[in-house]
Amino acid sequence: MAYLRAGDTISGQEGRAYAKINGVQHEMFYLKTLEATAEKQKAEVKTLGRRGTQHKAIGWSGTGSMTIFYVTSRFRQLMLDYIKNGKDTYFDIEVINEDPHSSVGRQWIALRNVNLNSVIFASLDTDAETLEEEVEFTFEDIDMIQTFNAPSTL
């Protein structure tokens with residue numbers, strides 16, 4: 001019987017992320033967590049001769065969130081530019097999962113047209129060991145630049 005080797009699981013610390021904002025690539029070394037989800041939008045469809053409700057995909061929506069250490073003003077600057085000047089910035093985020101111990105190789109995902117929902121402008125917390133902030137966003141497209149290989153089995 002085949003099974004997944006523990007060494008082929010992907011460590012959450014083994015990866016990189018980059019934001020391409022206004023044509024400039026920034027390494028997101030301050031990133032703690034990032035999760036992006038594509039969710040189908042479905043319509044309920046009732047038809048003659050069937051009592052049950054069926055579902056039809058009619059679109060999708062991309063949302064995400066990231067927790068970052070409170071050490072960059074980059075996202076606050078983008079939000080401030082929108083608040084003061086009405087200039088809304090869309091950018092790309094690329095996430096690479098690559099654990100050198102795993103046989104599956106790497107996965108490289110590009111989130112396109114990322115747009116921030118909210119940012120924290122100021123933060124103090126006397127109980128916190130480190131300051132962090134949660135940043136929520138939407139994205140309008142996604143590319144899978146590279147996929148994982150199939151894991152080796154034992």
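Predicted model: local features only at pLDDT ≥ 70, side-chain atom pairs only at ≥ 80, totals over all residues.
Residues are termed buried under 20% relative accessible area, exposed over 50% and partly exposed in between (1.4 Å probe, protein chains only). Residues are numbered from 1 along each chain as its sequence is written, and side-chain values use heavy atoms, with hydrogens and water left out.

The structure holds four aromatic pairs, a pair being rings of Phe, Tyr or Trp (its six-membered ring) with centres within 6.5 Å; planes under 30 degrees apart are stacked, over 60 edge-to-face and the rest tilted. Tyr30 and Phe75 pair edge-to-face, at 6.3 Å centre to centre and 80 degrees between the planes. Tyr30 lies in the loop between strand 2 (24-27) and strand 3, and Phe75 in helix 1, 45 residues apart; strands (E, at least two residues) and helices (H or I, at least four) are DSSP runs numbered from the N terminus. Both Tyr30 and Phe75 are buried. The pair of Trp60 and Phe139 is tilted, because the ring centres are 6.0 Å apart and the planes at 50 degrees. Trp60 belongs to strand 4 and Phe139 to strand 7, so this pair ties together parts 79 residues apart in sequence. Trp60 is partly exposed at 38% relative accessibility, while Phe139 is buried at 4%.

Ring pairs also link Phe29, Tyr30, Phe75 and Phe91 into a cluster. Beyond neighbours within four places in sequence, Phe91 is in contact (heavy atoms within 4.5 Å) with residues including Ala19, Ile21, Phe75, Leu78 and Leu116.
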